[in-house]
Amino acid sequence: PVSLRPLTKVFATKHVDRLIELQNTIPDVNWIQEQLLTDEWKTTDTWKRGDKIFLGKWQHSVVAVDSLGKPVGLLLAYERPADEEMRKVGKRSLYIHGFVSDKNYQGMGIGAMMMREVAGNLLKNGYSHMKNDKDPVITLKFDRSSTYLQKVYEKLGFKKVGETTTKYPEGQANHVDFIYAGRAIDILERS
């Protein structure tokens, strides 16, 4: 049996290697421990991913654990102000920064359980660092070439609202992601 628990900084620190292993099963993701455990990324950090503040990460993220307490799923979420990249959403949102389950547990509904938990908590408790909305929205982005993820997220109540291109240094191919958004109430009801 699998159960969900809040992802606290204490739990993340204790299980950091396993959580990084899970997170790095996402295509094109290659995190190190500091990226998971920090509350803020800076342009000067070694991973050079730009400035990001993860508002409410420890209040909104969840982890799925097996009967022995081993992490088998992870949903990282943080409060994201309306910014240039998410302009098509039109408002602040809860942004899903990482969403993954262990390959041996896929197809068991763990992803839907985690998404339902996050949507329910957002509706019940609201944002912890931003002004609350009557109709909160959850957003995410993923590689546009993944038709599998398109189907998964649409089944959960998300809709495509745009695209974004990450530009890499010369010699590396740019990366295009779809941006999806869904009302928390719809995601709660459909997951």
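Visitor: In which helix is the place of V10?

Guide: V10 sits in helix α1. Helices (H or I, at least four residues) and strands (E, at least two) are DSSP runs, numbered from the N terminus. This is a predicted model: local features need pLDDT of at least 70, side-chain atom pairs count only at pLDDT 80 or more, and totals for chains, interfaces and linings use all residues. Residues are numbered from 1 along each chain as its sequence is written, and side-chain values use heavy atoms, with hydrogens and water left out.

Visitor: Is V10 buried or exposed?

Guide: Start with the cut-offs. Buried means under 20% relative accessible area, exposed over 50%, and partly exposed in between (1.4 Å probe, protein chains only). V10 has a relative accessible area of 68%, so it is exposed. The C-alpha atoms of V10 and K88 are separated by 35 Å. Along the chain, these two are 78 residues apart.

Visitor: How many residues of helix α2 are buried?

Guide: Six of the eight, in residues 16-23, so α2 is largely enclosed by the rest of the structure. The buried ones are V16, R18, L19, I20, L22 and Q23. They pack against α1 (9-14), α3, β4 (62-65), β5 and β6 (93-101).

Visitor: How do I read a nonpolar core?

Guide: A nonpolar core is a set of buried Ala, Val, Leu, Ile, Met, Phe, Trp, Tyr and Cys residues joined through side-chain atoms within 4.5 Å. Here the largest has 26 residues. Those with the most contacts inside it are L75, I96, F99, M115, I138, Y153 and F158. Elements giving two or more residues to this core are β4, β5, β6, α5 (110-125), β7, β9 (175-183) and α7 (184-190). The largest share, six residues, comes from α5. A second, separate core of 16 residues includes L19, L22, L74 and L76.

Visitor: Which residues does I96 touch?

Guide: Contact means heavy atoms within 4.5 Å. Not counting residues up to four places away in sequence, I96 touches L75, L76, A77, M115, V118, I138, T139 and L140.

Visitor: T139 is on that list. Where is T139 found?

Guide: In strand β7 (residues 137-143). T139 counts as buried, at 0% relative accessibility. Leaving aside neighbours within four places in sequence, T139 is in contact with M86, V89, S93, L94, Y95, I96, F158, Y180 and A181. With S93, a polar contact of 2.8 Å joins the side chains. A polar contact is a pair of N or O atoms within 3.5 Å; within protein, one must be able to donate a hydrogen and the other to accept it, and residues adjacent in sequence count only if both atoms are side-chain atoms.

Visitor: How many cavities of 30 Å³ or more does the structure hold?

Guide: On a 1 Å grid over the protein atoms alone, a cavity is a set of points where a 1.4 Å probe fits but cannot get out; lining residues have an atom within 4 Å of a point. Grid points are joined across faces, edges and corners, and a volume is the space filled by probe spheres set on the points. The structure holds one cavity of 30 Å³ or more. The largest cavity has a volume of about 50 Å³.

Visitor: Which residues line the largest cavity?

Guide: W31, Q35, L36, F54, K57, L76, A77, Y78 and H97. Three of the lining residues come from β5, the largest share. F54 lies in the loop between β3 (52-53) and α4 (57-60). F54 is buried, with a relative accessible area of 5%. F54 and L76 are 22 residues apart in sequence and 9.8 Å apart in space, C-alpha to C-alpha.

Methods: On a 1 Å grid over the protein atoms alone, a cavity is a set of points where a 1.4 Å probe fits but cannot get out, and a pocket is an open set with protein on both sides within 12 Å along at least five of seven lines; lining residues have an atom within 4 Å of a point.
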